[in-house]
Amino acid sequence: MTTPVIIPTDLWDEDDRTGSIVLWLYADGASVKQGDLIAEVLVEKVTLELEAPASGTLRIQVEPEVVVNKGDTVAVIE
Amino acid sequence: MSRILTMSRAGREALDWEMERRDDIFCLGEDIYKFGGIFGTMDGFGAKYGPERVISTPISETGFIGMAAGAAMEGMHPVIDLAYIDFIGVCYNVLLNTASKTHYMSGGAVKVPMTLLIGTGGGYNNAAQHSQCLHATVAHIPGVKVVYPSNAYDAKGMLHTALRDENFTIFLTHKATAGVGWMGTPIKTTLSEVPTEDYTVPFGKVKVYREGSDVTLIGLGMSVHECLKAADALEKDGISAQVVDLRSLVPLDRDGIMEAVGKTGRLVVTDEDYLSYGVSGEILATIVERDLSILKKPPVRVTMPDIPIPFSRPMEQAILPLAGRIADAARKLMA
Amino acid sequence: MPLTAELRRSFYEKMVLSRAFDDAMIALYWEGKLPIFSFGAGPLPGELHCSNGAEPVGAGVCGALSADDMLTADHRPHHVAVCRGVDLDRMAAELLGKKTGLSQGKGGHMHIYDPAVNFASSGIIAEGMAPAAGMALARRLQKKPGVALAFIGEGAANQGAFHETLNLVGVMKLPFIVVIQDNEWGVSTSKSESTAVERNSDRAAGYGMAGEYVVSNDPDDIYEAAVRAVERARAGLGGTVLELKTARLAGHFMGDQQAYIPEQMKQVDPIPLYRAKLIRDGVLTEADADAIEAAGKARMAEAMQFAKDSPYPDASEAFDHVFAGGSEASDHVLAGGSGASDQQKTGAPA
């Protein structure tokens, strides 16, 4: 079962702002538990946090510095 | 596999772990309650520990750092966030004459256990009064321990050590290594796998990041990472560079320095503090005093020059101890 | 000088120009810095603290001064500088780090110096207090006129230098005014959280000085209070703590999300209010006001173009001006030499 890791639509307020992943706290292929903090997303100057929606193996799809929008899938958990 | 953390998160974990278990620790600093400090060292602590243990202060450094010293004398272990080392000017007396000397002047009767977290460094155009390193200025004071980790694993371990130490410790973090997102993407070599449980990294030992046989590059804080970039470039030229992180200024690992430099005989000392009267000179003095014969060539220092730090990018970039300058210095030693 | 229509119109012109300066810099600031925010990136690197909302302080206080008077300001200097008549082109160039800047690119936005109009700003909180008092002392010794003013924020009133300076001013009866720009916030710390008294102007009594408090953020009221303080100083009656409630509309620094400011504490823009007031009073028509705004923007566009067109300093210029009178070349050596491959990062930003 694969769970997508999606940038939540309520992660930041302004809809016209984009973000970018600054840091993945786990390497591609690492085991993560549901609720673990797995990434930092920077929107302008504010650092926001992304948690694992499920437990399993993390497969990173979007690297740091790439622009992300609300609703984007940035990884999956297998 | 452990999580990969930034230095900022790793240090915060250590402080959080200690604060959960000990009533003697409390925090002081500007904007720490709501903001977690300018560099996020205490992010979330206000909500978790409340305003009595996470005290946002007025802009009164002599006042609140002096108070911290007094609280420490009365059995607390205050942790102070002083965002920029450039600000030690307004509170230097507490560091110089109170927090560091009271244990000695009292013949050991009084202890001053406190930890002062300070951000250092430039490279992002914040000009002369907000870009300095000044680690020599604090390391020069007798009676204070000074540590300066450059990666997340060391940050957490050394902060645990500082918080368990009964002495006044200054814990420095270069702003460009902290990994706060608004200083650009965290530098890969500052990130580490960090265990969730507590652990300590002792003071007084250098860290060899990378073994090498031709030339030794010694760094501190951000310059360690520039040395690592330089080492990659040198490898392409067939030069094997050893990269050593001092990470502890007081106590200073003089044996470790001698051992590292002894392996190559060619030394580039990098330091983002000003050239004269500082850490880079202390390294050279150590070698000269103990055994000059380990050097095959006169050593080279790559440091900030003795000038106020200019704002404009072409000028600032030219004087920083960056990878290109470090690699060029190493190549000259090999010629 | 009485508060004439002409003077009030000049306040509006200055406020509009100051706002145009800040707005132009804010727009430029974000260039090159996103998606991952990095301070050092783009044509306007470093930190930026803009004066949006504080323009009435600049206009009202500077309106009461003469050319002899001396001003120090802090990390949020633009409105004071613009209203004092600091060279606009060269100030813009300084923020962009160009050779034509007031400090030839060495100072940047927090360190603005224009001796031609006796203006100096610097970045350590309350750092400008004692030097301003010292400038007043110098004029006394030189038997020359001049009142000294230090522009600070309300947060700086809790710094040691503030208290020491005021006591010295009180003891020496110096012609000195501290202009406390109370915008309520020291970064994220509100005044009520950091200050033991409600009004900093009440602290004046503790230092043998006069205290004045203006709440309106209106340049007319500010001007009248400033005139009283200046006259007091010139008459040899000593110093004044001039506390002016003002606004901080653009955050502490660029990028400050200001999440810590509750809805009920949101501040009001003084410029539209003053515009409306001058129109009501018959000082300006709507067309006049529009023309002033257009002129302000146009003047700023000129200054910005000058700044953009100006060259960067050469890296070697870093070694000039360490000491007056020059120095031995060997004193300021770049140990280990420069790195040719690092030079790619110099010059024009990516």
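In chain C, 74% of the contacts with a separation of 6 or more join residues 24 or more positions apart; two residues are in contact here if their C-beta atoms, placed from the backbone, lie within 7 Å. Before we go further, please note that this is a predicted model, in which local features need pLDDT of at least 70, side-chain atom pairs count only at pLDDT 80 or more, and totals for chains, interfaces and linings use all residues. Residues are numbered from 1 along each chain as its sequence is written, while chains are lettered from A and ligands numbered from 1 in the order in which they are written.

Let us stay with chain C for a moment. Its secondary structure comes to ten helices and nine strands, where helices (H or I, at least four residues) and strands (E, at least two) are DSSP runs numbered from the N terminus. The C-alpha atoms of chain C fill a box of roughly 60 × 50 × 40 Å along the principal axes. A residue is called buried if 20 or more other C-beta atoms lie within 10 Å of its own, exposed if 12 or fewer, and partly exposed in between, with C-beta atoms placed from the backbone.

One backbone detail in chain C is worth a stop. C:K173 is not a glycine, yet it has a positive phi of about 50 degrees. You will find C:K173 in the loop between α6 (160–172) and β5 (176–182) of chain C. C:K173 counts as partly exposed because it has 15 C-beta neighbours inside 10 Å.

Now turn to the partner of chain C. In the interface, 47 residues of chain B are in contact with 57 residues of chain C. On the chain B side, the elements that give two or more residues are α2 (32–35), β14 (300–304), α12 (313–319) and α13 (323–334). Among these, α12(B) gives the most, with six residues. By class, the chain B side has 23 nonpolar, 16 polar and eight charged residues. Here Ala, Val, Leu, Ile, Met, Phe, Trp, Tyr, Cys and Pro count as nonpolar, Asp, Glu, Lys and Arg as charged, and the others, Gly among them, as polar.

Within itself, chain B is divided into domain 1 (3–194) and domain 2 (207–334), with bounds that come from an automatic or database domain assignment. The C-alpha centres of these two domains of chain B lie 26 Å apart. Their contact takes 29 residues from domain 1 and 23 residues from domain 2 of chain B. On the domain 1 side, α7 (135–139), β6 (145–147) and β7 (168–174) of chain B each supply at least two residues. That side has 14 nonpolar, 13 polar and two charged residues.

B:F45 is found in helix α3 (residues 45–49) of chain B, and B:F45 is buried because 21 other C-beta atoms lie within 10 Å. Not counting residues up to four places away in sequence, B:F45 touches B:C27, B:G36 and B:V54. The C-alpha atoms of B:F45 and B:D16 are separated by 7.8 Å, although the two are 29 residues apart along the chain.

B:N125 sits in the loop between β5 (114–120) and α7 of chain B. Phi of B:N125 is near 65 degrees, a positive value in a residue other than glycine. B:N125 is also buried, since 27 other C-beta atoms lie within 10 Å. Another loop, between β12 (248–250) and α10 (254–264) of chain B, holds B:P251. The peptide bond from B:V250 to B:P251 is cis, with omega near 0 degrees.

Finally, chain A has zero helices and eight strands. Its radius of gyration is 12 Å, close to the 12 Å that the globule rule gives for 78 residues, so chain A is as compact as a globular protein of that length. Of the 78 residues of chain A, 35% count as buried. An open sheet of four strands in chain A has the order β5-β4-β2-β7, with antiparallel pairing; two strands pair if DSSP finds at least two bridges between them. The edge strands, each pairing on one side only, are β5 (46–51) and β7 (67–68) of chain A. Two bridges join β2 (residues 19–24) of chain A to β7(A), and the bridge partner of A:G19 in β7(A) is A:V68.

Key: Rg over C-alpha atoms; globule rule 2.2 N^0.38 Å.
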